[in-house]
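Here is a short briefing on one protein. Look over the sequence and the structure, then read on by topic.

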Amino acid sequence: MKSETSQFTTHHVVVFLLTFFSYAFFHATRKTFSNVKTTISEEWTPSFHNSTVNKTQPDKIWNSHAMFDNPKDAEPFLGMLDGAFLISYAVGLYISGIIGDRLNMRLVLSFGMVSSGLSVFIFGTLFEWIGYYNKYVYVVVWILNGLLQSTGWPTVVAVMGNWFGRSSRGFVLGLWSACASVGNIIGALLASAVLDYGYDYAFLLSSTVLMAGGVAIFFGLVSTPKELGLPVPDEMITNQEVTIDANSVNTSENIESIESDSDDTESGRLLSRSSSRETEVVTRPKALGFIQALLLPGVILYALSYACLKFVNYSFFFWLPFYLHGAFGWKETVADDISIWYDVGGIIGGTIAGFISDRFRKRSLIVIPMLVLAIPALFIYSHSPNNKTINGVLMAVAGFFVGGVANLISAAISADLGRQGPVQGNTEALATVTGIVDGTGSAGAAIGQVLVPIIQQKFGWKSVFVVFMIMIALTIVCILPMFINECKGAIANYSFSWYSGLTKKRTVLVEDEFDET
């Protein structure tokens with residue numbers, strides 16, 4: 001059997017880069033909003049409200065942008081915008097996944113990027129240029145942005161799942177899932193480059209990049225290798241699930257004829273692939289319904305586990321710089337720089353976990369041990385001393401176990417769930433399953449953004465980290481049934497005797513008969 005990595009083409013590289021940067025640009029616009037919050041809160045408050053400086057008249061003209069009395073009053077509204085975005089984003093993920101499986105994912109993704117970029121431009125640039133300030137309109141536009149941004153993740157994961165098979169998906173998607181962290185860096189760089197000219201230029205730059213990326217996706221992305229006549233990635237297909245042609249003839253009924261005439265097998269295989277591609281042009285596989293996708297094995301459990309895990313992961317994303325500033329008194333710029341190490345740990349953790357899980361062909365066997373180690377890592381980090389180097393190292397370790405697993409679940413495992421036995425060979429389930437998993441995770445993240453500041457104000461940061469450890473424990477509980485099943489399957493693949501010791505049983509798959517030599 002040929003290894004899947006030996007069949008990678010230039011098209012695989014192009015798809016990897018296009019989807020990687022498309023979602024990175026999505027995240028860049030979100031990071032832009034986080035980076036300009038201080039400037040926005042100052043802009044939305046009066047300029048001359050002290051006893052030593054006279055107010056300019058008429059006040060209606062000079063302070064029409066003053067929606068709040070002071071920057072402190074603006075902070076709750078900015079927090080409400082974050083919550084509204086996450087809730088609409090979570091709802092949109094369920095919808096976008098269904099849409100992505102029924103329409104051309106290239107069109108869905110390019111539309112989402114261009115329209116989301118337009119909404120960001122309206123929110124941060126156009127309203128400032130025309131001098132229009134209205135709290136309710138801001139909320140509506142940002143909710144719309146959340147819905148449009150939700151088109152990104154389900155479609156890019158589905159496209160990657162179409163191009164990269166299970167045998168390499170853990171490593172490839174583990175590396176690819178760093179796109180969110182790279183997007184955060186891009187957003188920070190873009191905002192800092194033009195923020196001195198006004199926050200409207202920060203939104204202008206990030207929205208322009210996002211819309212330009214949408215145009216590139218429209219003209220450059222190929223959603224599935226079938227569109228180019230390339231073979232689909234090798235999947236772990238059982239004897240009962242393999243079919244030989246479009247008429248769904250069972251492979252077991254044809255084994256004798258295949259073995260008796262190996263020369264005819266090659267020509268028959270090529271003819272079958274050719275006729276299959278011609279059939280796919282005419283008819284498209286039936287997309288899975290929401291309930292059907294939800295009831296696929298493992299989807300509910302992984303969705304609930306990701307809700308608990310994303311609660312922790314996104315709390316680090318939104319609150320880590322604030323925690324460093326408040327707990328250690330470090331400058332905001334220093335806190336921002338050090339907080340990058342959490343993303344670095346997540347990138348490394350996701351890549352290594354994906355690579356190892358590819359070798360085991362079992363995801364939960366890697367996920368559970370990492371989550372177990374995440375609990376002491378969080379406990380130790382919560383007692384980190386006031387030392388930047390030690391804090392950064394402990395932060396990277398926590399990011400390795402927490403962020404690494406989050407990257408693996410959101411990308412590789414979601415793709416696995418959408419291509420497993422019941423929907424084997426049906427590419428019209430990937431986006432729906434990914435939307436369910438990430439949508440449920442975003443709902444958990446939205447709850448986290450409400451609870452973290454409340455817990456912190458009443459009980460302190462130590463209690464916040466205790467909640468984080470509890471959520472990690474709940475994540476383990478959700479995945480534990482699949483971990484037990486995969487352990488049983490792994491044990492069944494090995495035999496022990498006093499003569500030969502521990503040996504792995506040799507499994508011959510029917511699909512080996514059809515691989516190119």
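**Helix packing and cores**

Helix α1 passes α10 in a left-handed crossing. This is a predicted model. The protein has 19 helices and 2 strands. Of its 517 residues, 51% count as buried.

**α1 against α10**

- Helix α1 covers residues 10–35, and helix α10 covers residues 199–220.
- Their axes come within 9 Å and cross at roughly 160°.
- Angles over 145 degrees count as roughly antiparallel, so α1 is roughly antiparallel to α10.
- From α1, the contact takes in Leu-18, Ser-22, Phe-25, Phe-26, Thr-29, Thr-32 and Phe-33.
- From α10, it takes in Ala-202, Phe-203, Ser-206, Val-209, Leu-210, Gly-213, Ile-217 and Gly-220.
- The residues of this α1–α10 contact divide into 9 nonpolar, 6 polar and no charged.

**α5 against α6**

- Helix α5 spans residues 105–130, and helix α6 spans residues 135–149.
- The two pack at an angle of about 160°, with axes 8 Å apart.
- α5 and α6 are therefore roughly antiparallel to each other.
- The crossing of α5 past α6 is left-handed.
- On the α5 side, the contact is made by Phe-111, Gly-112, Ser-115, Ser-116, Ser-119, Val-120, Phe-123 and Phe-127.
- On the α6 side, Val-137, Tyr-138, Val-141, Trp-142, Asn-145, Leu-148 and Gln-149 make the contact.
- The residues of the contact of α5 with α6 divide into 9 nonpolar, 6 polar and no charged.

**Nonpolar cores**

- The largest nonpolar core has 63 residues.
- Trp-44, Tyr-138, Trp-153, Trp-176 and Phe-203 have the most contacts inside this core.
- Helix α1 gives the most to this core, with 9 residues.
- A second, separate core has 53 residues, among them Ala-303, Cys-308, Val-312 and Met-471.
- Tyr-138 belongs to the largest core and also to the α6 side of the contact with α5.
- Leaving aside neighbours within four places in sequence, Tyr-138 is in contact with Trp-44, Met-67, Phe-77, Leu-81, Phe-123, Phe-127, Tyr-132, Tyr-133 and Tyr-199.
- Among these partners, Phe-123 and Phe-127 are also residues of α5 in its contact with α6.
- Phe-203 is a residue of the largest core and of the α10 side of the contact with α1.

**Two buried positions in helices**

- Ser-181 lies in helix α9, residues 179–194.
- Ser-181 has a relative accessible area of 10%. Buried means under 20%, so Ser-181 is buried.
- Not counting residues up to four places away in sequence, Ser-181 touches Asp-343 and Ile-347.
- Gly-349 lies in helix α15, residues 332–360.
- Gly-349 counts as buried, at 0% relative accessibility.
- Leaving aside neighbours within four places in sequence, Gly-349 is in contact with Met-370, Phe-400 and Gly-404.
- Val-405 is 56 residues from Gly-349 along the chain, and their C-alpha atoms are separated by 7.2 Å.

**Contacts along the chain**

- Contacts in the protein with a separation of 6 or more are the basis here, and residues 24 or more positions apart account for 82% of them.

Technical notes. Residues are numbered from 1 along each chain as its sequence is written. This is a predicted model: local features need pLDDT of at least 70, side-chain atom pairs count only at pLDDT 80 or more; totals for chains, interfaces and linings use all residues. Side-chain values use heavy atoms; hydrogens and water are left out. Axes are lines fitted to C-alpha atoms, for helices over the stretch in contact, and angles run from 0 to 180 degrees between N-to-C directions. Helices (H or I, at least four residues) and strands (E, at least two) are DSSP runs, numbered from the N terminus. Angles under 35 degrees count as roughly parallel, over 145 as roughly antiparallel, 65 to 115 as roughly perpendicular and the rest as oblique. A crossing is left-handed if the near helix is turned anticlockwise from the far one by less than a right angle, and right-handed if clockwise. Contact means heavy atoms within 4.5 Å. Ala, Val, Leu, Ile, Met, Phe, Trp, Tyr, Cys and Pro count as nonpolar, Asp, Glu, Lys and Arg as charged, and the others, Gly among them, as polar. A nonpolar core is a set of buried Ala, Val, Leu, Ile, Met, Phe, Trp, Tyr and Cys residues joined through side-chain atoms within 4.5 Å. Buried means under 20% relative accessible area, exposed over 50%, partly exposed in between (1.4 Å probe, protein chains only).
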